[in-house]
Amino acid sequence: MFMVITSKSNPLIKKIASLSEKKYRKLCGEYLVEGLKPVRECISSGGEVTSVICTEENAGSFADAVVVSREVFSYISSEKTPQGVIATVKIPGTQVAPPKGRCILLDRLQDPGNVGTIIRTANAAGYEDIYLINCADPFSPKVVRASMSGIFFVRIHEGSAKEVLDALSGVPLISADMQGENIFSFVPPKKFCLCIGNEGKGLSDEIISAGSHTVSIPMRSSCESLNAAISAAIAMYALKNNVKED
């Protein structure tokens, strides 16, 4: 038999509920992962899981899980149709450091869905280092959900423009901009950093001026622009495929 928490005022439940807010994630150094598959992938990736909370029907799926009533779970869940499993995970203490290979820089992206989707695609395409300058919190529930477990397999570097550019010293920066050369005919260096700017304003002058190259995705005149996450996905694969290997 196991004890079932039925009170929303339970200290652990109150803490988990607070992690939906950035200030408490920062204070506690933890974030939330929700869903059976994401929690399992987080554990298998080596994520530092500090607790697993689940409803009674999922009690046997995880050792040492804290069991709560459905009402309490609905209180801490951010999903419309909760699966009954949430984990609290330590936020990795990655310092802003040089990349190990090809990487991507996100400059002032504010939409959590875009940030999460780009993290998901970066993981798929092999861009393991992701640099964020004044972006949506990569450990918010919306970003984590949109990353589809990609957040567990990349290194997140959050910092000021100066900190990020210092870490990328010597790495060619490739800026994605409407005025750049055709990305499909551009041949990038073996190691580079792709830079994606704000959804409405694009890249800052500081990032553009630090760049080595500027590329664009050709479009019909009837299309003004592409979504930031879609542009990033096309660019990541186009650049990766155009690299001249030694």
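**Close-up views of a predicted model**

**View 1. Methionine 236 and the nonpolar core.** Leaving aside residues up to four places away in sequence, methionine 236 touches Ile104, Ile118, Thr121, Ala122, Ala125, Tyr127 and Leu194, contact meaning heavy atoms within 4.5 Å. Ile104, Leu106, Ile130 and Met236 touch the most other members of the largest nonpolar core, which has 49 residues; such a core is a set of buried Ala, Val, Leu, Ile, Met, Phe, Trp, Tyr and Cys residues joined through side-chain atoms within 4.5 Å, and buried means under 20% relative accessible area, exposed over 50% and partly exposed in between, with a 1.4 Å probe and protein chains only. Helix α9 provides the largest share of this core, seven residues. Another core, of 15 residues, lies apart from it and includes Val164, Leu168, Leu173 and Cys195.

The model is predicted, so that local features need pLDDT of at least 70 and side-chain atom pairs count only at pLDDT 80 or more, whereas totals for chains, interfaces and linings use all residues. Residues are numbered from 1 along each chain as its sequence is written, and side-chain values use heavy atoms, with hydrogens and water left out.

View 2. Six strands, paired in parallel, form an open sheet in the order β8-β7-β6-β10-β9-β11; strands (E, at least two residues) and helices (H or I, at least four) are DSSP runs numbered from the N terminus, and two strands pair if DSSP finds at least two bridges between them. Because β8 (155-158) and β11 (213-216) stand at the edges with a single partner strand each, one side of each is left without a neighbour in the sheet. From one strand to the next, the twist averages 35°, angles running from 0 to 180 degrees between N-to-C directions of lines fitted to C-alpha atoms, for helices over the stretch in contact.

**View 3. Helix α9 and what covers it.** Helix α9 (residues 228-242) packs on the sheet, touching β6, β9 and β10, and its direction makes about 160° with that of β10. Its buried residues are Ala228, Ala229, Ser231, Ala232, Ala235, Met236, Ala238 and Leu239, and what covers them includes β6, α5, β9 and β10.

**View 4. Glutamate 30 in strand β2.** Glutamate 30 is found in strand β2 (residues 30-34) and, at 5% relative accessibility, counts as buried. Its side chain makes a polar contact with the side chain of lysine 15 (2.6 Å), a polar contact being a pair of N or O atoms within 3.5 Å, of which, within protein, one must be able to donate a hydrogen and the other to accept it, while residues adjacent in sequence count only if both atoms are side-chain atoms.
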